[in-house]
Amino acid sequence: MSHFKRRQFLQFATSALTTLGLNQLDIKNPSLRYAQAIASSSPRKLALLVGINNYQNVDNLKGAITDTYLQRELLIHRFGFNPQDILIVSDESEIKPTRQGILQAFEEHLIKQAKPGDIVVYHFSGHGSQVFDRESALEDKLNSTFVPSDRTTSLADNQKQVSDITGKTLFLLMSQIKTENLTVVLDSCYSGGGKRGNLTIRSIEGGKGYISSDIEREYQQKLLFDLGISPEELEQRRKQGIAKGVVIASARKNQVASEAYLDNFVTGAFTYLMTQYLWQENSNTPLENVITNISRSINSTFTSNQIPELEAKNNSNNETKPTYFISRSVPTAEAVITQVRGNNVNLWLGGIAPQALAAFNQNPIFELVDNQGVKRGRIQLQSRKGLTGEGKILELQKPELLKPGALLQEGVRVIPSNYKLRIGLDDSLGKDIAVARNEIAEIERLQPVVLQTGEVHYIFGRITEVQQTELRNKQATYIPPLHSLGLYTEGLDLIPGSFGNAKETINDALTRLKPKFRSLLAARIIKLTLNANSSRLNVLASLNILRPKELDVTVAAQTFTSRSPSKIDQNSFTPATNTNINYQNGIPQIPLKTQIQFQVKNQENSDLYITVLAINPEGKIDVIFPNTWSSAEDATLVKAGETLAIPKAQDTWVLGIIEPLGLTEILVVASKSPLRKSLQSLQTIAQKQGRGDVPVTLADNPTNIIDLLLEDIDSSTLPENRSRNNSNSSEITSRQKALLSDTTQLAAMSITYQAVK
């Protein structure tokens with residue numbers, strides 16, 4: 001587990017209804033509940049969820065309101081909140097997210113209603129900023145703020161007065177809540193601002209030229225009077241830590257809180273991954289472990305410039321308690337039924353990983369489960385818009401379970417055979433942007449996308465002086481020539497090995513990049529199968545550090561299937577502390593030239609067929625297992641109960657950490673059926689490369705190999721499984737349009753590590 005940097009946390013502290021398909025009436029009535037405190041002697045669970053997309057005098061956002069619905073559905077269906085106790089304050093609620101609306105809602109809904117022992121959640125998604133505070137005990141005298149929708153700005157002695165809600169005010173508000181079981185989630189920042197690639201940064205200009213408005217200072221005086229403490233005592237308390245409970249921030253002080261385009265909707269990167277993770281988690285994992293796992297996901301999914309942080313009240317050990325201070329025992333899930341209409345149902349799909357959303361468009365099948373996670377029926381998703389969907393009932397063993405709140409687990413996902421790589425066009429292309437759009441559109445399975453209009457997988461652009469400066473500040477080992485053409489992630493991290501010379505034309509650059517496009521497409525396609533959280537197979541994979549001279553083996557990272565009948569404890573793996581391996585965002589940082597080994601343990605009662613792929617930072621794909629090319633289809637076979645070691649002790653080759661520096665992802669695919677087509681193709685490649693029994697590189701057209709692997713995976717779903725599930729071809733999908741991945745037949749997992757000097 002990585003160690004979080006502790007700091008004084010609260011010193012900083014388009015419509016989504018259409019996109020997500022929520023009924024406005026569901027929002028309108030609850031929005032006035034705060035004025036009616038409900039008398040109750042039993043502990044309550046109260047939540048205030050603030051989301052601001054539309055600002056009067058500030059650049060708008062697109063995903064903040066989505067965040068409030070992500071949290072609302074999670075709290076209701078995973079943590080047992082009564083919908084009547086969840087108050088949403090947003091542009092689309094009756095209580096607007098103005099300064100007065102937010103503060104009044106906090107006072108009325110949380111402070112006045114919460115009693116000792118109650119559970120309280122406050123979530124803010126919107127812009128953040130900073131103001132100068134001469135009374136602050138901080139060295140830089142800067143106080144972070146949360147920007148309301150009606151932010152006002154005025155001049156006062158060459159400084160700008162703003163009506164933001166400061167971290168100091170939030171500290172005072174938290175201090176008034178009568179329960180210690182308080183969780184504050186802040187998906188905003190005050191670093192960066194504007195756009196970064198295809199991400200939008202939730203921050204606006206602030207700093208030493210900005211101060212709090214008179215109304216903010218007067219409000220703080222009122223809160224101090226209510227608490228009976230002096231300004232000096234307040235500063236002393238803030239120096240000690242947060243007021244109570246825990247605070248979760250989506251990014252560190254000098255980093256960005258970003259919102260991203262996913263499959264037809266926009267959301268906060270952190271909020272989506274946090275809520276999605278909690279749909280999949282049911283073991284009361286300590287909150288500090290939860291944040292570590294979410295950090296890992298943000299790094300590998302969106303951007304390396306966003307690391308969530310957690311702070312608990314001093315000496316409380318709250319970081320070791322479960323999320324929201326709620327111990328629970330409910331099955332993990334990908335979706336939930338929100339409405340029943342005869343033989344049809346409405347669904348909320350909050351547990352789908354962002355990179356897998358494209359596999360839940362064309363008729364996937366979910367299993368209806370009871371409170372013990374036992375399958376009691378099947379439901380097929382017929383349409384999806386954002387995270388809301390409509391489905392039909394295929395099978396129902398216990399009709400009494402068919403009701404709102406019933407949980408659904410993945411059964412079969414459907415991988416589109418025409419999946420395309422979406423390439424964003426950066427403004428740095430200038431007048432060449434139209435040429436690039438036309439050229440990319442002509443490349444097979446590539447789709448050009450205008451930035452900030454939809455989901456983007458990679459960005460095509462030129463190196464600018466600003467980017468070169470950033471790379472120098474980060475002490476990057478390679479800085480491409482100014483104006484050279486290449487590829488970035490959606491958060492503008494460089495794709496190593498993708499940049500050419502400064503005088504290269506658009507056409508020449510795209511011709512040069514065609515092999516890389518094929519590798520990147522192949523990698524994204526195989527990632528559509530990743531199902532460690534939903535697979536029913538029992539497989540464990542690990543990355544080991546080898547020290548042959550000391551005869552020492554250390555487990556650096558582990559992944560496993562969490563729904564197998566005899567799953568291992570999710571908290572059982574703790575990274576070793578007696579090595580020189582550090583962890584950042586939960587990802588092992590492994591020095592170059594370190595010798596490694598992978599192990600895959602088949603914990604099933606039947607044989608499995610294994611493929612292990614390595615995708616390096618440049619997008620190159622190596623097949624590290626199978627690696628015995630003279631054998632037949634049993635080259636991929638791992639017998640029941642056996643552990644596969646790569647390389648084996650008797651092999652004449654070794655695996656080591658080599659350049660390029662950056663993230664490498666290991667994909668482990670385990671199938672109950674032989675992987676015939678892909679193996680035959682790999683054997684042909686090995687023969688052409690003149691390789692012996694060693695790993696091979698998918699150099700020419702890796703997409704073809706991955707397509708064959710998916711066909712092998714798909715064949716394991718037919719015909720036995722369809723008959724076993726009392727299904728038929730029409731219930732699943734057209735065979736010409738998609739490939740199937742069945743959780744009872746396949747496990748696809750990943751391990752990520754970072755190569756460092």
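Tyr324 is found in the loop between β16 and β17, where strands are DSSP runs of E with at least two residues, helices are runs of H or I with at least four residues, and both are numbered from the N terminus. The structure is a predicted model, in which local features need pLDDT of at least 70 and side-chain atom pairs count only at pLDDT 80 or more, whereas totals for chains, interfaces and linings use all residues. Residues are numbered from 1 along each chain as its sequence is written, and side-chain values use heavy atoms, with hydrogens and water left out.

- Leaving aside its neighbours within four places in sequence, Tyr324 is in contact, that is, has heavy atoms within 4.5 Å, with Gln71, Leu74, Leu75, Phe79, Ile119, Val121, Thr183, Met274 and Leu278.
- Asn315 lies in the loop between β16 (309-312) and β17 (335-341) and has a positive phi of about 65°, although it is not a glycine.
- Ala333 and Leu278 are 55 residues apart along the chain, and their C-alpha atoms are separated by 9.3 Å.
- With neighbours within four places in sequence left aside, the contacts of Ala333 are Arg78, Trp279, Gln280, Gly351, Leu407, Leu408, Gln409 and Arg563.

**Nonpolar cores**

- A nonpolar core is a set of buried Ala, Val, Leu, Ile, Met, Phe, Trp, Tyr and Cys residues joined through side-chain atoms within 4.5 Å.
- The largest nonpolar core holds 117 residues, of which Phe81, Ile294, Tyr324, Ile337, Phe460 and Phe517 touch the most other members.
- Helix α12 (residues 506-527) supplies the largest share of this core, with 11 residues.
- Another core, of 41 residues, lies apart from it and includes Leu61, Phe106, Ile177 and Val184.
- In soluble globular proteins, nonpolar side chains tend to be buried together.

**Packing of α5 and α7**

- The axes of helix α5 (residues 167-176) and helix α7 (residues 231-240) come within 11 Å and cross at roughly 90°, where axes are lines fitted to C-alpha atoms, for helices over the stretch in contact, and angles run from 0 to 180 degrees between N-to-C directions.
- The helices α5 and α7 are therefore roughly perpendicular to each other, given that angles of 65 to 115 degrees count as roughly perpendicular, those under 35 as roughly parallel, those over 145 as roughly antiparallel and the rest as oblique.
- Gly167, Lys168, Phe171 and Leu172 in α5 meet Leu234, Glu235, Arg237 and Arg238 in α7.
- The residues of this contact divide into three nonpolar, one polar and four charged, with Ala, Val, Leu, Ile, Met, Phe, Trp, Tyr, Cys and Pro counted as nonpolar, Asp, Glu, Lys and Arg as charged, and the others, Gly among them, as polar.

**Buried strand residues**

- Thr611 is found in strand β32 (residues 608-615) and is buried, with a relative accessible area of 5%.
- Thr611 and Ile624 are 13 residues apart in sequence and, C-alpha to C-alpha, 7.9 Å apart in space.
- Beyond its neighbours within four places in sequence, Thr611 is in contact with Phe625, Pro626, Leu667, Val668, Val669, Leu675 and Leu709.
- Gly486 has its place in strand β26 (residues 485-488) and counts as buried at 0% relative accessibility.
- Not counting residues up to four places away in sequence, Gly486 touches Ile459, Phe460, Gly461, Ser498 and Phe499, and the C-alpha atoms of Gly486 and Ile459, which are 27 residues apart in sequence, are 8.3 Å apart in space.

**Cis peptide bonds**

- The peptide bond from Ile646 to Pro647 is cis, with omega near -5°, and Pro647 lies in the loop between β35 (643-646) and β36 (655-656).
- The peptide bond from Glu659 to Pro660 is cis, with omega near 10°, and Pro660 is found in the loop between β36 and β37 (662-671).

**The chain as a whole**

- The secondary structure of the chain comes to 16 helices and 40 strands, and 61% of its 757 residues count as buried.

Notes
Buried < 20%, exposed > 50% of the residue type's maximum accessible area, 1.4 Å probe, protein only.
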